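Subject: Structure handover

Hello,

Here is the structure I said I would pass on. My notes on what turned up in it follow below.

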Amino acid sequence: MNINYADNNHLVLMGKVTSEKRFSHEIYGESFYIFDMEVPRLSDTQDIIPVTISERLIPDGSLEIGKKVLIKGQFRSYNSYENERNKLILTVFAKDIFFEDEIESQVSEEENKEIVSNEVILTGYICKKPIYRQTPFGREIADLLLAVNRAYNKSDYIPAIAWGRTARFCQNIDVGTEVKVTGRVQSRTYEKKFEDGTSETRVAYEVSVASLEVVEEKQDAEQQNEEEAI
């Protein structure tokens, strides 16, 4: 069976470059760089998202700070071994980049549909029991961890956060359930406290869930409809 892993993980980001590119790593002679991208929210705040990009996509090194860009790619993770501990690192992996003078042509290629500034669509498996909780103000939240399959027997482990009725639904989802999630990539700062009483400000990246559906139930319903039609 041929599987198109690109269908499991699709992302579009539009915003502006906020940092110089910095070297990340090299694979088979191809260099990859990371830069930060500011993506606006509807609430008039911004998310600062790290983007990993191949030198092939920026042959002239043109990533000017303040320049508007459109990124199409995937939300990925990898493990970094630091201080004798594994740390999950999250980044947007760019497969295409379009600069300000090219973005308008991308809109026309999409049949004049509005390109959203931040959207990610993931199909993966719940790999950790969702954690459901309520804030002191009664807001319902559920923390999820998705395993999203990638080519060459790899997987991306993507944290996500659901709200309200979706959070309430998630608390009853079993580990191993396949789900399709649509949302946006967000950044947030938090204080990491250590045993010696010190603390450190850190940045976390996750998917804020706009919609979630269980894939298996959808497939079962389609099969039942086909059987009833026979």
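**Aromatic pairs**

Phe 32 and Phe 93 are both buried. The model is a predicted one, and a search of it for aromatic pairs returns two. In one, the ring centres of Phe 23 and Tyr 33 are 5.9 Å apart with the planes at 80°, so this pair is edge-to-face. Because Phe 23 belongs to strand 2 and Tyr 33 to strand 3, the pair ties together parts 10 residues apart in sequence. In the other, Phe 32 and Phe 93 have ring centres 6.1 Å apart and planes at 35°, so that pair is tilted. Here the parts tied together are 61 residues apart in sequence, since Phe 32 lies in strand 3 and Phe 93 in strand 6.

**The hairpin**

Strand 2 (residues 22-27) and strand 3 (residues 30-40) run antiparallel and are joined by five bridges. Within that pairing, Glu 26 is opposite Ser 31. Two residues lie between the strands of this hairpin, and Tyr 28 has a positive phi near 50°. The edge-to-face pair of Phe 23 and Tyr 33 links these two strands as well.

Strand 7 (residues 118-126) has the highest confidence in the chain, at 97. Its pairings are as follows:

- Strand 1 (residues 9-17) runs antiparallel to strand 7, with five bridges between them; His 10 has Ile 121 as its bridge partner.
- Strand 11 (residues 178-193) is also antiparallel to strand 7, joined to it by six bridges; here Ile 121 stands opposite Thr 182.
- Strand 9 (residues 140-150) pairs with strand 7 in the antiparallel sense over two bridges; Tyr 125 is partnered by Ala 147.

Which residues touch the most other members of the largest nonpolar core? They are Ile 71 and Phe 75, in a core of 40 residues. Strand 6 (residues 85-99) contributes the most to this core, with five residues. A second core, separate and made of five residues, has Val 12, Met 14, Leu 70 and Phe 98 among its members. In soluble globular proteins, nonpolar side chains tend to be buried together.

**Cysteines**

The search of the whole structure for disulfides finds zero. Cys 170 counts as buried because its relative accessibility is 0%. Cys 127, at 31% relative accessibility, counts as partly exposed.

**Confidence**

Mean pLDDT for the chain is 87, and 86% of the residues reach 70 or more. Where is confidence lowest? That is helix 3 (residues 215-229), with a mean of 52. Over residues 223-230 pLDDT stays under 50, and the model has zero contacts beyond four places in sequence for that stretch. Where pLDDT is low, the predicted coordinates should not be read in detail.

Regards

Technical notes
Residues are numbered from 1 along each chain as its sequence is written. Side-chain values use heavy atoms; hydrogens and water are left out. Two strands pair if DSSP finds at least two bridges between them. Helices (H or I, at least four residues) and strands (E, at least two) are DSSP runs, numbered from the N terminus. A nonpolar core is a set of buried Ala, Val, Leu, Ile, Met, Phe, Trp, Tyr and Cys residues joined through side-chain atoms within 4.5 Å. Buried means under 20% relative accessible area, exposed over 50%, partly exposed in between (1.4 Å probe, protein chains only). A disulfide is a pair of cysteine sulfur atoms within 2.5 Å. pLDDT is the predictor's confidence in each residue, from 0 to 100. Contact means heavy atoms within 4.5 Å. Rings of Phe, Tyr and Trp (its six-membered ring) pair if their centres lie within 6.5 Å; planes under 30 degrees apart count as stacked, over 60 as edge-to-face and the rest as tilted.
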